[in-house]
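Trainee: I am new to this structure. Please take one part of it and look at it closely with me.

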Amino acid sequence: MKKLIITSFIAVLSVTICLLCMFYVDSVATKAEKYIESIQTSVSNQQYRAALGQTNELSNFWSQNHDILSMVLHHEMLEEIEEAIALVKSSLEHPDEENVNFWTQITSSLVKIQNLKDTESPSLANIL
């Protein structure tokens, strides 16, 4: 009986930790999406310095959460998102005509963050 109680406790603890990690990843990804949307709005309004400042904030936010995210996620995905954020920053620092490079990079980073949320959410496709 004692083994059953200990095993049940460990199972409940494991599920709880998994759920907390899932909610943490979702909240970080949602906040990163909000940063990206505000950067897009600033560039659309031709406020490039504000967009660059918001990109720096996004980069700092991602760096602050990187250690915990790296414990629960594949490093490849995190590296891809970091690279996309760096490319967005670079495209703002060195703009081209009509910001084609910026829009390509910001869309790429947004898609990668959305894919992060999708791959970490429990669904039938992810389980199988």
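Are α2 and α3 roughly parallel or roughly antiparallel to each other?

Mentor: This is a predicted model, so keep that in mind throughout. Start with the pair you asked about. Two packed helices are described by the angle between their axes and the distance between the axes. Take both here. The axes of α2 and α3 come within 10 Å. They cross at roughly 165°. An angle over 145 degrees counts as roughly antiparallel. Therefore α2 and α3 are roughly antiparallel to each other. Their crossing is left-handed.

Now see which residues meet. From α2, the contact takes in A51, L52, T55, N56, L58, S59, W62, H66, L69 and S70. From α3 come H75, L78, I81, E82, I85, V88, K89, L92 and E93. Sort the residues of this contact by type: 10 are nonpolar, 6 polar and 3 charged. Look at the numbering along each helix as you go. An α-helix has 3.6 residues a turn, so residues three or four places apart point the same way.

Next, follow α3 to its other partner. The axes of α3 and α4 come within 9 Å and cross at roughly 160°. That angle makes α3 roughly antiparallel to α4. This crossing, too, is left-handed. On the α3 side, the contact is made by M77, E80, I81, A84, L87, V88, S91 and L92. On the α4 side, N101, F102, Q105, I106, S109, K112, I113, L116 and T119 take part. By type, the contact of α3 with α4 holds 10 nonpolar, 5 polar and 2 charged residues.

The relative accessible area of S91 is 3%. Buried means under 20%, so S91 is buried. Setting aside residues up to four places away in sequence, S91 touches N101 and F102. Both N101 and F102 belong to the α4 side of the contact.

Then turn to helix α1. It spans residues 2–44, which is 43 residues. From its first C-alpha to its last, α1 reaches 63 Å. That is close to the 63 Å expected at 1.5 Å a residue. Its buried residues are M22, V25, V28, A29, A32, E33, Y35, I36, I39, Q40, S42 and V43. What do they pack against? The buried residues of α1 pack against α2 (48–72), α3 and α4 (100–120).

Apart from neighbours within four places in sequence, A29 is in contact with I113, L116 and K117. Of these partners, I113 and L116 also take part in the contact of α4 with α3. A separate distance concerns T107. It sits 78 residues from A29 along the chain, and their C-alpha atoms are separated by 15 Å.

Finish just past the end of α1, at Q46. This residue is found in the loop between α1 and α2. Q46 has a positive phi of about 60°, although it is not a glycine. Is Q46 buried or exposed? At 60% relative accessibility, Q46 counts as exposed.

Notes:
Residues are numbered from 1 along each chain as its sequence is written. This is a predicted model: local features need pLDDT of at least 70, side-chain atom pairs count only at pLDDT 80 or more; totals for chains, interfaces and linings use all residues. Side-chain values use heavy atoms; hydrogens and water are left out. Buried means under 20% relative accessible area, exposed over 50%, partly exposed in between (1.4 Å probe, protein chains only). Contact means heavy atoms within 4.5 Å. Helices (H or I, at least four residues) and strands (E, at least two) are DSSP runs, numbered from the N terminus. The expected span of a helix is 1.5 Å times one less than its number of residues. Axes are lines fitted to C-alpha atoms, for helices over the stretch in contact, and angles run from 0 to 180 degrees between N-to-C directions. Angles under 35 degrees count as roughly parallel, over 145 as roughly antiparallel, 65 to 115 as roughly perpendicular and the rest as oblique. A crossing is left-handed if the near helix is turned anticlockwise from the far one by less than a right angle, and right-handed if clockwise. Ala, Val, Leu, Ile, Met, Phe, Trp, Tyr, Cys and Pro count as nonpolar, Asp, Glu, Lys and Arg as charged, and the others, Gly among them, as polar.
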